[in-house]
Amino acid sequence: MIKTYFFYGVIGLVGFSIIGFFLFHLGKGLLGMFSDWRLHRELDTLEAEGESRRQAKAESNSKRLDNGCEHDFEGGLGGFPPEVCPKCGIAKEKPTGPCDHIWRAGEGAIPHSSCEKCGRKYSAANEHGSHSSALSP
Ligand SMILES: [Zn+2]
Ligand SMILES: [Zn+2]
């Protein structure tokens, strides 16, 4: 009689520990899945934010470029900074900084341009060579 109780006791203990083991791993798995899900959700949110910011930027840039001019950013006309449309004077991408420059060609033998808003000067010669030799004729 005592032996039987002992036998059932051992069976019960083993069964209990097996069930406990599975529950433990199931719980761990669920927890892992949950934290994965949360991580993915956070990444998705970040991605969506980045995407909408990119879209807003592209949209504002395309609005900025929509001024009725058939831009020519590839022309590389002397005197204008790279990626600037020589017809209307704006850059392909909004420049970093407070001024969205509008470049106008300057008069003179050396091709150069200046921003009509902030007055910043650009000279193709200055970009490459020394300052003094570029300005002397
Ligand atoms: Zn243009
Ligand atoms: Zn400017």
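**View 1. Helix 1 of the predicted model spans 92 Å from its first C-alpha to its last.** The helix has 64 residues, and its reach is close to the 94 Å expected at 1.5 Å a residue (the expected span is 1.5 Å times one less than the number of residues). Helices (H or I, at least four residues) and strands (E, at least two) are DSSP runs, numbered from the N terminus. The number of buried residues in helix 1 is zero, so the helix lies largely in the open. A residue counts as buried if 20 or more other C-beta atoms lie within 10 Å of its own, as exposed if 12 or fewer do, and as partly exposed in between, with C-beta atoms placed from the backbone. This is a predicted model, in which local features need pLDDT of at least 70 and side-chain atom pairs count only at pLDDT 80 or more, while totals for chains, interfaces and linings use all residues. Residues are numbered from 1 along each chain as its sequence is written, and chains are lettered from A and ligands numbered from 1 in the order in which they are written.

**View 2. The protein chain has three helices and three strands.** From the N terminus on, these elements run α-β-β-β-α-α. Of the 137 residues, 9% count as buried. Among contacts between residues at least 6 apart in sequence, 19% join residues at least 24 apart; two residues are in contact if their C-beta atoms, placed from the backbone, lie within 7 Å.

**View 3. Three strands form an open sheet of order 1-2-3, with antiparallel pairing.** Strand 1 and strand 3 stand at the edges, each with a single partner strand, so one side of each is left without a neighbour in the sheet. From one strand to the next, the twist averages 30° (axes are lines fitted to C-alpha atoms, for helices over the stretch in contact, and angles run from 0 to 180 degrees between N-to-C directions). Strands pair if DSSP finds at least two bridges between them. Strand 1 (residues 103-105) is joined to strand 2 by three bridges, and W103 has C115 of strand 2 as its bridge partner. Three bridges also join strand 2 to strand 3 (residues 121-123); here S113 is partnered by Y122 of strand 3.

**View 4. Both hairpins of the sheet hold a glycine with positive phi.** Between strand 1 and strand 2 there are six residues, and G108 in that turn has a phi of about 130°. The hairpin of strand 2 and strand 3 has five residues between the strands, with G119 at a phi near 80°. G119 is exposed, with 9 other C-beta atoms within 10 Å. Its C-alpha atom is separated by 9.4 Å from that of I102, 17 residues apart along the chain.

**View 5. The largest nonpolar core consists of F80, V84, C85, I90, A91 and W103, six residues in all.** A nonpolar core is a set of buried Ala, Val, Leu, Ile, Met, Phe, Trp, Tyr and Cys residues joined through C-beta atoms within 7 Å. Leaving aside neighbours within four places in sequence, V84 is in contact with G89, I90, A91 and W103. E83 is found in the loop between helix 1 (2-65) and strand 1. Phi of E83 is near 65°, a positive value in a residue other than glycine. E83 is partly exposed, with 14 other C-beta atoms within 10 Å.

**View 6. C99 lies in the loop between helix 1 and strand 1.** Beyond its neighbours within four places in sequence, C99 is in contact with C115, K117 and C118. C99 is exposed, with 11 other C-beta atoms within 10 Å. The C-alpha atoms of C99 and R120 are separated by 9.6 Å, the two residues being 21 apart along the chain.

**View 7. Among the elements, helix 3 (residues 131-135) has the lowest mean pLDDT, 42.** The highest mean, 93, belongs to strand 2 (residues 112-115). Over residues 128-137 the pLDDT is below 50, and this stretch has seven contacts in the model beyond near neighbours in sequence. The chain averages a pLDDT of 86, and 88% of the residues score at least 70; pLDDT is the predictor's confidence in each residue, from 0 to 100.
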